Amino acid sequence: MKNMSSLISLVVGPQHPALHEPERFVFKIEGETIVDVEPRLGYVHRGIEKLMETKEHTEAIYLAERVCGICNVAHTLSFGEAIEEAAGIEVPSRAKYLRVIIHELNRIHSHLLLLGVAAELMGFETLFMLIWRDREIVMKLVEDLTGNRVISSLVIVGGVSRDISLELIHKMKKHLPKLYERVKQYKKMMEEDPTFTARTVNVGYLSKSKMLELGGVGPTARGSSVKMDVRDFDPYEAYDEIPFNVAVYDEGDSWARFMVRVDEVLEAINIILYALDHLPQGPIRVIPPRAFEGEGFGRVEAPRGEVFHHTIWRGESKPWRHRIRTPTYANIPAVCEMFKGYHLADAPVILGSIDPCFSCTDRLYVVDAKTGKEKVIPYWYIRKKYWKR
Amino acid sequence: MTKIPSLIKEVLVNVFKKPATHMYPFEKPDISEGFRGRPYFLWERCVECGICEYVCPTFAIKLKWTEGRHVPWYDMSRCCFCHICIYNCPSNAILPSKDFELSSYTRHVYEGLPKVPPAPFESTGIYKPRYINIDYSHCVECRLCADVCPTNAITMTIKDGRVVPQYDADICILCHKCVDICPTEAISSTTEFPKKPEKIPKELPLSPLEKAGLIRHRTILFDRNICTGCTLCAKVCPTEAIVMKEIGGRLQPIYDIRKCIFCGQCYEVCPVNAISFEPDLPPGLRRKKPKQ
């Protein structure tokens, strides 16, 4: 009775200044401390998987690109990997290296975006401005390479759509070491600066065993000393030929999760410079068949974690089923555990530390109004019960 | 005692620097070389293959008949600027540009060009078939052309007491299957597209059978009192002109005269003689007698 009377439910979202995308969290607070969290997903459900079944792969790759705008390369790459495995195509080696380059440029741009946003969330606007100014270097390189700042459309099924020029290689080799120095300086700042460390050190702690139990992916898991990176243990494209380190931190708090991202930016610049030096000659594209039979998987390490596309084709020009698994959906149970025991003022920083992207998260979710029970309905059940022809 | 933050140095350096902000409307930004802007269409290079329409993921390109040519029209509000049409065009008829200031006060629709130039192959004396002509005075109404058409551009209709094919130029892909199969050479293709394409002429001439004094069509009548609903006539019908439907608790045959080829199999198969023939079409569909 004593506990019951002092618990207050505080609704944050779906429209809230601290969250940049529509998502609702109900915080049960006691005084200033968060005791329990209930997330509610599904505000931006768009029915993309169903729409994918009505499109051919030449059209559907542009739909896959729009699952998430920030990590668009990861989604197209994963889609392309799945289709190429199903159709049995081998991508030329130059295309593989170009895919690695655009993938890492996308990772740098996404991580710098998050670090800026995180600095803004904790009221450190100077760092936000500085980081976003240096992000422009990467945005300009992406525009030179692909023709657009964010939505790149470089990866197509069977290869890449355009080649890299010699001038651009020189330009990248000139600008990326500059960015490397800048990011190194930011890393030093984030380690020392009291404004940053006071809000992040020992905030949102999650141990390694708990993280393994809740199934977090990507930099969120790597911040809790789980050495898990798809590029490392299941190399795709040209990652088996390129040497790189996996950034792992043992602290398990918000600070560690931010530092993993800073280290990954530094590592990504090294990967790009290595790939530019070892770029092989040859064609950049093979022509894929229009209709085929088969099943394929695409596993890709997106900036936020593991993106997984699974596709089934049954000899028609359109897929029979396409399934997408996105990283933020896997990180939601972990972030709910992180909130518990910390102040309400720390909630935006903790949420920001998993780099949430809710528009790629939403799935079908059903709430029974009478009992209040929630359950996820599988695909075969909908097909059996609700589809009428 | 707290340390002096290392950001202080960075802040002091930036005090004396120029601002990094672009003053956009007054100062044009520096757009890189391969920027994916609005595509422009050159109709004098277009060979009208339709690849851009097929390959476009957002249906922003549509091929339309304009002054005798089948050329791409472009809707900018649907375009996602992926440039896949430019990579796939066989005759370089689509040019990339760096235009990015594309907002307007009115809604975009499919837009063509003001002037339609002649096609590139026409200057070398090569002409493309554009339209299918049907000569109704030779047509014997066998409906083979409607059967063979892959896009249903030719369908059968009833006009002036004749069951004749009608032609829809919008759907036709000019595969010439109907030209090949026509037994009386009534169908031919032309290189000129008419100014006002019409599906069927207002007045039909007499068919060759009518001239010879033969009446080809018969109306099939069902005596519903005798009919037992055995579905034999529907099973034996080669063109599905007779379909069984449940009306008032009974299975009854429904007859579509446009599909019927007047073969008479249903008449022969009926066990209770419920089917009878009447010469010519039903009275409302017969050819009207000329006013005198």
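**Entry 1: chain B**

I started with chain B and counted eight helices and 12 strands. Helices here are DSSP runs of H or I with at least four residues, strands are E runs of at least two, and both are numbered from the N terminus. This is a predicted model, in which local features need pLDDT of at least 70 and side-chain atom pairs count only at pLDDT 80 or more, while totals for chains, interfaces and linings use all residues. Residues are numbered from 1 along each chain as its sequence is written, and chains are lettered from A and ligands numbered from 1 in the order in which they are written.

I looked up the radius of gyration of chain B and got 32 Å, but a compact globule of 292 residues would come out near 19 Å. That radius is taken over C-alpha atoms, and the globule rule is 2.2 Å times the number of residues to the power 0.38. The box filled by the C-alpha atoms of chain B, along the principal axes, is roughly 110 × 65 × 35 Å.

I then checked confidence. The mean pLDDT of chain B is 85, with 97% of its residues at 70 or more; pLDDT is the predictor's confidence in each residue, from 0 to 100. For the model I noted ipTM 0.78 and pTM 0.78.

**Entry 2: chain A overall**

Chain A has 15 helices and 10 strands.

The pLDDT of chain A averages 85, and 90% of the residues score at least 70. Over residues 363-368 of chain A it is below 50, yet in the model this stretch has 12 contacts beyond near neighbours in sequence. I count two residues as in contact if their C-beta atoms, placed from the backbone, lie within 7 Å.

**Entry 3: where the chains meet**

**Entry 4: sheet 1-2-3 of chain A**

Next I traced an open sheet of three strands in the order 1-2-3 in chain A, with antiparallel pairing. Two strands pair if DSSP finds at least two bridges between them. Strand 1 and strand 3 of chain A stand at the edges with a single partner strand each, so one side of each has no neighbour in the sheet. Neighbouring strands are turned by 25° against each other on average, direction ignored.

Strand 1 (residues 7-12) and strand 2 (residues 24-30) of chain A pair over six bridges. A:Val11 stands opposite A:Val26, and A:Val12 stands opposite A:Phe25. On the strand 3 side, the bridge partner of A:Phe25 is A:Pro39.

Strand 2 and strand 3 (residues 33-40) of chain A pair over seven bridges. Their hairpin has two residues between the strands, and I noted that A:Gly31 takes a positive phi near 70° there.

**Entry 5: helix 3 on helix 4, chain A**

The axes of helix 3 (residues 57-65) and helix 4 (residues 72-87) of chain A come within 8 Å and cross at roughly 145°. Axes are lines fitted to C-alpha atoms, for helices over the stretch in contact, and angles run from 0 to 180 degrees between N-to-C directions.

Among the residues that meet, I picked out A:Ile61 and A:Ala64 in helix 3 of chain A, and A:Phe79 and A:Ile83 in helix 4 of chain A. The residues of this contact divide into four nonpolar, five polar and one charged.

**Entry 6: sheet 6-7-8 of chain A**

Another open sheet of chain A has three strands in the order 6-7-8, again with antiparallel pairing. Its edge strands are strand 6 (293-302) and strand 8 (321-325) of chain A, each pairing on one side only. Here neighbouring strands are turned by 5° on average, direction ignored.

I counted 10 bridges between strand 6 and strand 7 (residues 305-314) of chain A, and A:Arg299 stands opposite A:Phe308 in strand 7 of chain A. Helix 4 of chain A packs on this sheet, touching strand 6 and strand 7 of chain A, with its direction at about 150° to that of strand 6 of chain A. Helix 13 (residues 327-339) of chain A lies across strand 6, strand 7 and strand 8 of chain A, at about 130° to strand 7 of chain A.

Note on methods:
Ala, Val, Leu, Ile, Met, Phe, Trp, Tyr, Cys and Pro count as nonpolar, Asp, Glu, Lys and Arg as charged, and the others, Gly among them, as polar.
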